[in-house]
Amino acid sequence: MPNKVLIIGAGGVGRVVAYKCAQHRDIFGEIILASRTRKKCDAIAKAIHEAYGGKKIKTAKLDADVVSQTVALIQSYRPDLVINVALPYQDLPIMDACLVTGTHYMDTANYEPKDVAKFEYSWQWAYQDRFKKKGILALLGCGFDPGVTSVFTAYAAKHYFDEIHELDIVDANAGSHGKAFATNFNPEINIREVTQKGKYWQNGKWVETEPHEIWKDIDYPEIGPKRSYLIYHEELESLVKNFPSLKRARFWMTFSEEYLTHLRVIQNIGMAGIEPVRYKGVDIVPLQFLKAVLPAPEELGSNYTGFTSIGCRIKGIKDGKKRTYYVWNNCSHQAAYQETGTQGVSYTTGVPAMIGARMILEGKWSGKGVFNVEEFNPDPFMERLNADGLPWNEKVDIDLGMD
Ligand SMILES: NC(=O)c1ccc[n+]([C@@H]2O[C@H](COP(=O)([O-])OP(=O)(O)OC[C@H]3O[C@@H](n4cnc5c(N)ncnc54)[C@H](OP(=O)(O)O)[C@@H]3O)[C@@H](O)[C@H]2O)c1
């Protein structure tokens with residue numbers, strides 16, 4: 001029987017999730033798109049209807065910070081699943097609404113409090129008992145990274161290794177949008193993420209670094225070498241917990257010189273601040289004001305060229321012998337734009353969110369409680385990646401180029 005989903009958030013990622021769900025109306029029979037600004041939902045619903053016809057996507061205005069509003073919306077539409085692709089700040093209030101209404105929940109980014117840039121699962125893992133008791137499922141972090149990178153790791157551990165020892169997640173955006181400075185997803189969340197200290201897992205503990213202190217030129221398939229910086233990324237926390245054989249786990253992301261120079265200036269002049277500043281009698285958060293003047297990620301698509309390349313490079317043991325494994329996807333910004341009207345970073349997040357939703361609705365991923373993506377069977381998800389626009393490649397026993 002076709003299911004009903006409520007998508008919350010009508011930004012770049014919400015747009016892709018809505019498009020991809022609308023491509024599978026046999027699974028996603030009814031789609032409701034709700035967000036803070038209703039006209040963004042209406043514009044997406046209209047574009048999808050023009051592209052695919054079929055049953056219209058319903059839209060609604062929602063402030064998901066207010067639990068009672070989300071409860072009322074869920075009660076009026078009765079969705080089987082809520083796909084949260086608003087901002088990480090909304091994770092807990094939306095989980096609360098799911099608990100009140102007994103509705104399955106999923107998201108693509110872990111909760112962050114507005115007043116501290118802090119990435120950790122503790123707040124959401126604390127819902128474990130309540131979700132279990134209510135008999136519902138929460139799937140955390142089902143975008144690309146976290147999300148596909150977690151599935152890639154689970155797939156490698158299941159099929160290629162007896163034990164995985166070293167994991168390097170390598171994330172390159174080798175695209176060009178033609179702007180002097182722009183972020184590929186929500187600027188506020190993005191800048192909070194990349195300006196924090198670096199951190200990686202080694203021999204049972206976290207090692208902290210200054211922001212961008214450790215870097216390396218990593219060779220990406222079909223792209224070539226790109227300077228990549230060790231940063232902390234949220235999936236490391238759940239992956240080292242769920243794969244305790246990992247002795248080292250790191251995350252690398254490419255940034256251009258120009259991006260980093262802009263970022264330094266933004267920080268030096270205080271525009272990355274998250275403390276309110278009083279200006280002409282009004283409290284303004286500098287980073288939120290900066291978001292208002294930067295290009296919106298969803299506007300970057302039309303001139304975006306090049307590829308993203310994200311994958312996992314893993315070392316470990318199979319049948320008593322050392323083994324290496326690399327699994328990755330390259331995604332074209334232009335192809336993503338042609339299909340969904342937005343660029344590759346939103347696309348690589350929205351497609352896995354739709355696939356995760358599909359896994360839950362088809363009962364391929366099931367359970368009661370709060371789960372990270374790597375806790376489920378990776379195989380049906382890997383199959384869908386190939387079918388739904390994010391085909392992957394793999395190489396075994398090669399030089400990974402990571403020391
Ligand atoms: N795992 C991954 O690989 C990955 C990668 C990229 C992004 N992400 C995550 O994906 C999510 C969406 O990113 P994005 O780039 O699409 O961001 P975005 O373009 O800024 O969109 C966020 C949307 O959420 C809406 N929103 C914000 N606060 C809300 C509230 N209180 N109630 C209802 N709606 C609200 C916004 O409304 P307005 O339109 O009114 O502002 C906007 O439509 C973020 O959580 C981000 O961290 C994950």
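The legends below describe several close-up views of this structure, which is a predicted model.

**View 1**

**View 2. The crossing of helices H3 and H4.** Two packed helices are described by the angle between their axes and the distance between the axes. For helix H3 (residues 67-77) and helix H4 (residues 91-101), the axes come within 9 Å and cross at roughly 45°, and H3 and H4 are therefore oblique to each other. The crossing of H3 and H4 is right-handed. On the H3 side the contact is made by Val67, Thr70, Val71, Ile74 and Gln75, which meet Pro93, Ile94, Asp96, Ala97, Val100 and Thr101 in H4. The residues of this contact of H3 with H4 comprise 7 nonpolar, 3 polar and 1 charged.

**View 3. The crossing of helices H13 and H14.** Ile355, Arg358 and Met359 in H13 meet Pro380, Phe381, Arg384 and Leu385 in H14. In this contact of H13 with H14 there are 5 nonpolar residues and 2 charged residues, with no polar ones.

**View 4. Helix H8 and what covers it.** Within helix H8 (residues 187-195), the buried residues are Pro187, Glu188, Ile191, Arg192, Glu193 and Val194. The elements that cover these buried residues of H8 include helix H10 (257-268) and helix H11 (286-293).

**View 5. Gln267 in helix H10.** Gln267 belongs to helix H10, and because 14 other C-beta atoms lie within 10 Å, Gln267 is partly exposed. Apart from neighbours within four places in sequence, Gln267 is in contact with Thr195 and Ala272. Between the C-alpha atoms of Gln267 and Leu287, which are 20 residues apart along the chain, the separation is 9.7 Å.

View 6. Pro295 is placed in the loop between H11 and strand S15 (305-318), where 14 C-beta neighbours inside 10 Å make Pro295 count as partly exposed. The C-alpha atoms of Pro295 and Ala182 are separated by 5.9 Å, although these residues are 113 residues apart along the chain. When neighbours within four places in sequence are left aside, the residues in contact with Pro295 are Lys179, Ala182 and Leu300.

View 7. Most residues other than glycine have a negative phi, and most peptide bonds are trans. The peptide bond from Asp145 to Pro146, however, is cis, with omega near 10°, and Pro146 lies in the loop between strand S6 (137-140) and helix H7 (148-159). Lys280, which is not a glycine, has a positive phi of about 45°; Lys280 is found in the loop between strand S13 (277-279) and strand S14 (282-284), and because 5 other C-beta atoms lie within 10 Å, Lys280 is exposed. Asp397, likewise not a glycine, has a positive phi of about 50°, and Asp397 is placed in the segment after strand S18 (393-396). With 13 C-beta neighbours inside 10 Å, Asp397 counts as partly exposed.

Technical notes
Residues are numbered from 1 along each chain as its sequence is written. This is a predicted model: local features need pLDDT of at least 70, side-chain atom pairs count only at pLDDT 80 or more; totals for chains, interfaces and linings use all residues. Axes are lines fitted to C-alpha atoms, for helices over the stretch in contact, and angles run from 0 to 180 degrees between N-to-C directions. Helices (H or I, at least four residues) and strands (E, at least two) are DSSP runs, numbered from the N terminus. Angles under 35 degrees count as roughly parallel, over 145 as roughly antiparallel, 65 to 115 as roughly perpendicular and the rest as oblique. A crossing is left-handed if the near helix is turned anticlockwise from the far one by less than a right angle, and right-handed if clockwise. Two residues are in contact if their C-beta atoms, placed from the backbone, lie within 7 Å. Ala, Val, Leu, Ile, Met, Phe, Trp, Tyr, Cys and Pro count as nonpolar, Asp, Glu, Lys and Arg as charged, and the others, Gly among them, as polar. A residue is buried if 20 or more other C-beta atoms lie within 10 Å of its own, exposed if 12 or fewer, and partly exposed in between; C-beta atoms are placed from the backbone.
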